[in-house]
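Visitor: Could you please walk me through this entry? I am new to reading structures.

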Number of protein chains: 2
Amino acid sequence: MNSFIYDIPTKVYFGENQLGHLSEELYKYGKRVLLTYGGGSVKKIGLYDRIMEQLAAAGLEVYELSGIEPNPRIETVRAGVQLCKKYQIDVLLAVGGGSTIDATKFMAAGALVEHDPWDFFVNGAPIEKALPIVTVLTMAATGSEMDNIGVISNMETRDKIGKGSPLLQPKVSFLDPTLTYSVGKYQTACGAADIFSHIMETYFTREDDLFMLDCVMEGLMKTVIKYGPIALNEPDNYEARANLMWASSWAINGFVMGGKRKVWSCHAMEHQLSAVYDITHGLGLAILMPRWLEYCLNEETLSKYVQFGVNVFGVDPALPAMEIAKESIRLLRVFLFELLGLDDTFTKIGIEEKEFPAMAQKACKGKKIAGFQTLYPQDVENIYKMCL
Amino acid sequence: MNSFIYDIPTKVYFGENQLGHLSEELYKYGKRVLLTYGGGSVKKIGLYDRIMEQLAAAGLEVYELSGIEPNPRIETVRAGVQLCKKYQIDVLLAVGGGSTIDATKFMAAGALVEHDPWDFFVNGAPIEKALPIVTVLTMAATGSEMDNIGVISNMETRDKIGKGSPLLQPKVSFLDPTLTYSVGKYQTACGAADIFSHIMETYFTREDDLFMLDCVMEGLMKTVIKYGPIALNEPDNYEARANLMWASSWAINGFVMGGKRKVWSCHAMEHQLSAVYDITHGLGLAILMPRWLEYCLNEETLSKYVQFGVNVFGVDPALPAMEIAKESIRLLRVFLFELLGLDDTFTKIGIEEKEFPAMAQKACKGKKIAGFQTLYPQDVENIYKMCL
């Protein structure tokens, strides 16, 4: 068991009718606010007006950057950095899902340096300071509201790279499940797959770990399995939206990691897909997960699958181990492709074989993915092919 | 489902060989340190020397208060307050278990006011500021290392009262499982019972709650059931000590509460026992828990027992509901009294019936305990009698 440091200081206002505390929290960090958001949904659900009214009434000076795209791009980060510098912003307020929050994190860091923010990703530029970040979450998926990591795409170089720093941890996040009522079926399903993947990638490990955290992860996975389909069919089911939302934060805020090495195989493989094809992250993960599990299943890795099958999917522990393992993968497919209704092959979403060798090389960073099972470029190609 | 604020900023260094970061963390808060601890065990295991050497090497000025008793007393808090004032202490370093940390919290608050610290408990004196607190945990039980609550006894008035404030939350806590290797069988067993009780008291609720947190609590309870007996029989089993230690923090740091009202019945009843008889808190809880569950079991409360029996103790879900409920209580008794080996009656530990009416009144604060099942003084007396 490895030692670790637990340090997740984000304060969370959870529940409906908590948003009234927003301006009081922003005020702790200053008066000049950069509000960042994505497309029009924040306006459509009336959230933009609610926030602007409250902030104006509190005497805060609000500047805006809208149009942050899914798989947010470095150009958008650069635009935010310029606004921060131009208006001497004190605090950033990200209103949206993971993409908006991720991009905002690097605006906060970029605002306080002279170099280009892409240098954080490729030239080893350190993150040594950052403006404070407050978030209002409108989609349960990436967990960015309670972690210190962000993923940014560079379409020019076809890169999608993640980077973290304790300085990027949001100071305060507002999690109001009712703000996710308007998230459509497809995005809700992709979000659920994304949450599930964060837990599963941490859960499948060969390291000596904390049984306690395995139990917690099993509980989080059961939560996503239970409420994902409910949220799809009853978009304004508070209980379902609340459980998904809180699970999304805890799936990836670092708690369940507990000192384990953090090499996530499906994410490494998926980032290449969305870098090249700009597909929704959660969808790419959904297609990859069961294939990756199939590919890694062998006598050596078997015991973890048995634990997964019995404790997460309720498979009969009396069955032979290999049968439990296969049944767990089958039930995962049922969850992802039947209950969440996601597309189950690359072919269906237009991803073609010709890119696989290059993507596999990038996924392995030219070497390998040293995760649950070590994957070399040929392995990644094989897994990609299983997804066709 | 109630809204809530999640705010647990304590930074935790978890694992062996983390203690080297102690002086660097203390330095963030100042140079003048009040080191607080209990009896001789901190010296016996060499921890006192390790800490003193490190702090001296870092140039910190260390003052000391030793002899903090189990069920810590207000006189001890007063002594600590005087030292803080006399030596203009910057930061308090509590080295020990829950008693030492609890007492230290009120020294930290008392140091910055003129009135007597007992006024925090009985005269409604507000906690508006406190010195920063750092802890080094030597026993897994109360969770005080990661929460903002403390319980102090006043033997003169026969009171034992808990009080909390965000200002009492430790800034940093060091959780090194090897520091609990020397905790004896009895204290380890009492600690396990205490941890279990914190989770169980939160778990048994009638409120609409977060399924996700129920899953987490079930996982924490399974962890205590699995590792409590192992730690008893193999005191230097790192995995067992680590799981118990981390579970102890998460049982009561507020996470699993998730907006539920916080009225704990067994704790209200137990505090009267240890206030009058000075018994170990975890032992009192162990004797009370199964009786309380028996007393509250009825058709209305049944479903929670079924969930508890199936998910925590693995009782066959095909059995009739009432049978599952009774089996869960039987298995809890097996865990507490056979596997942990704790005394199973008040009679065995010298608690007599004559005090029951007065203790029941105090437990109900003259009115009632509005917990899972509302208890009036007569109910509490009945439960006390079931424990004889």
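Visitor: What do the buried residues of α14(A) pack against?

Guide: They pack against α10 (265-277), β10 (369-370) and α15 (377-386) of chain A. Packing here rests on contact, in which two C-beta atoms, placed from the backbone, lie within 7 Å. Helices (H or I, at least four residues) and strands (E, at least two) are DSSP runs, numbered from the N terminus. Please note that this is a predicted model: local features need pLDDT of at least 70 and side-chain atom pairs count only at pLDDT 80 or more, while totals for chains, interfaces and linings use all residues. Residues are numbered from 1 along each chain as its sequence is written, and chains are lettered from A and ligands numbered from 1 in the order in which they are written.

Visitor: Which residues of α14 are buried in chain A?

Guide: In α14(A), residues 356-363, the buried ones are F356(A), M359(A), A360(A), K362(A) and A363(A). They take up an arc of only 165° around the axis, so they sit on the same side of α14(A). A residue is buried with 20 or more other C-beta atoms within 10 Å of its own, exposed with 12 or fewer, and partly exposed in between. The arc is that of the directions from the helix axis to the C-beta atoms.

Visitor: What follows α14(A)?

Guide: K365(A) follows the helix, with a positive phi near 45°.

Visitor: Now the sheets. In what order do the seven strands with β4(A) come?

Guide: The order is β4(A)-β3(A)-β5(A)-β6(A)-β9(A)-β2(A)-β1(B), in an open sheet with mixed pairing. Strands pair if DSSP finds at least two bridges between them. β4 of chain A and β1 of chain B stand at the edges with a single partner strand each, so one side of each lacks a neighbour in the sheet.

Visitor: How is β6(A) covered?

Guide: Both of its faces are covered, with I133(A), T135(A) and L137(A) buried on one side and V134(A) and V136(A) buried on the other. β6(A) pairs with β5(A) in the parallel sense over five bridges, and L92(A) has I133(A) as its bridge partner. With β9(A), residues 172-175, β6(A) pairs in the parallel sense over four bridges; there, V134(A) has V172(A) as its bridge partner.

Visitor: What does α5(A) lie across?

Guide: α5(A) lies across β3, β5 (91-96) and β6 (133-137) of chain A, at about 165° to β5(A). Axes are lines fitted to C-alpha atoms, for helices over the stretch in contact, and angles run from 0 to 180 degrees between N-to-C directions.

Visitor: How many residues does each chain bring to the contact?

Guide: Chain A and chain B bring 34 residues each. On the side of chain B that touches chain A, α8(B) gives the most, with 10 residues. By class, that side has 18 nonpolar, nine polar and seven charged residues. Ala, Val, Leu, Ile, Met, Phe, Trp, Tyr, Cys and Pro count as nonpolar, Asp, Glu, Lys and Arg as charged, and the others, Gly among them, as polar.

Visitor: How many bridges join β1 of chain A to β2(B)?

Guide: Three bridges join them, and the two strands run antiparallel. Y6(A) stands opposite V12(B) in β2(B).

Visitor: Lastly, where does K163(B) lie?

Guide: K163(B) lies in strand β8 of chain B, residues 159-164. K163(B) counts as partly exposed because it has 19 C-beta neighbours inside 10 Å. Leaving aside neighbours within four places in sequence, K163(B) is in contact with F120(B), F121(B), I149(B) and G150(B).
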